[in-house]
Amino acid sequence: MNEEPNNVPFAGTSTSSAASDQLEKASSEIYDLITVKGETSDSRAGVMDCAGKDREKYFRVFHPWSFYPSSADQLDQAMEQLKQDLPKHGWKIVQYGPDRSRNKNLTLTADNDERKSSVKITQDAKNDRPKLSLMLISGCYQIPADQEIERF
C-alpha cells in the first residue's frame, strides 16, 4: 500500500476498536503461517490519522509486533515461509529484498486488497536477539456518523 494520501485505499466505515480488532486478527493469521517455534512481542494496535483527511472523521490503524525464533538459524526459514504462504492467503508481495540499511536487512512488503491493509516484514538478523519485525497498517476508515474516534 503506497503511503501517499491519494493512494491509501478506503477501508470502509468502522469504529477504531473494531478496525483494530480486524488488524490484530490479520496479525494472528500471519503468525499462524510461521511454523518455526518462537515467541512474539506483546503489542496492541494503535490509531493514526489519515494524511490529508479530517482527523475527526477518518483514521487508520497499525499493529507493530516482533517474532523471535527459538534459534537464529530459523530466521531465514520463517521469512521464506512467509514469502511462499502470504500469497496463498490473499496477500500480494509488492516488494522483496534487502533494505537500504547498513545491515541490508531482508524486507518483504505485501498488500491485501480484500482487507485493505499492508504488512512490512523486516528480518533483523544482526540484532542482539534476531527477529522478524512486522508492521501492519490499514487503509483509511471513516468513523460512523454517531461515533467518535478512540485514539489508543
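A polar contact is taken here as a pair of N or O atoms within 3.5 Å, where, within protein, one atom must be able to donate a hydrogen and the other to accept it, and residues adjacent in sequence count only if both atoms are side-chain atoms. The structure is a predicted model, in which local features need pLDDT of at least 70 and side-chain atom pairs count only at pLDDT 80 or more, whereas totals for chains, interfaces and linings use all residues. Residues are numbered from 1 along each chain as its sequence is written, and side-chain values use heavy atoms, with hydrogens and water left out.

The side chain of His 89 reaches the backbone oxygen of Asp 85 at 3.0 Å. His 89 lies in the loop between helix H2 (75-85) and strand E5 (92-98); helices (H or I, at least four residues) and strands (E, at least two) are DSSP runs numbered from the N terminus. With a relative accessibility of 46%, His 89 counts as partly exposed, on a scale where buried means under 20% relative accessible area, exposed over 50% and partly exposed in between (1.4 Å probe, protein chains only). Not counting residues up to four places away in sequence, His 89 touches Leu 33 and Asn 112, contact meaning heavy atoms within 4.5 Å. Asp 85 also forms a salt bridge with Lys 88, the closest N and O atoms being 3.2 Å apart; a salt bridge requires a side-chain nitrogen of Lys or Arg within 4 Å of a carboxyl oxygen of Asp or Glu. Asp 85 is buried at 17% relative accessibility, while Lys 88 is exposed at 62%.

The protein chain comprises 2 helices and 9 strands, in the order β-α-β-β-β-α-β-β-β-β-β from the N terminus. Its radius of gyration, 16 Å, agrees with the value near 15 Å that a compact globule of 152 residues would have; the radius is taken over C-alpha atoms, and the globule rule is 2.2 Å times the number of residues to the power 0.38. Buried residues account for 43% of the 152 residues. Of the contacts between residues at least 6 apart in sequence, 64% join residues at least 24 apart.

In total, the structure holds 7 salt bridges. One of them pairs Glu 24 with Arg 44, with the closest N and O atoms 3.3 Å apart. Glu 24 belongs to helix H1 (residues 16-33) and Arg 44 to the loop between strand E2 (38-40) and E3, so the pair ties together parts 20 residues apart in sequence. Arg 129 and Glu 39 meet in another salt bridge (2.9 Å, N to O), which links the loop between strand E7 (117-124) and strand E8 (131-138) to strand E2, 90 residues apart.

The structure holds 1 disulfide, defined as a pair of cysteine sulfur atoms within 2.5 Å. Cys 50 and Cys 140 form this link, with their sulfur atoms 1.9 Å apart. Cys 50 is in the loop between strand E3 (46-48) and strand E4 (58-69), and Cys 140 is in strand E9 (residues 140-142), 90 residues apart. Both Cys 50 and Cys 140 are buried, and the link is right-handed, with 130° about the S-S bond.

Asp 111, in strand E6 (residues 106-112), is buried yet has no salt bridge, and the nearest side chain of opposite charge, Lys 92, is 6.9 Å away. The side chain of Asp 111 makes a polar contact with the side chain of Ser 118 at 2.9 Å.

Conventions
Lys, Arg positive; Asp, Glu negative; His and termini not counted.
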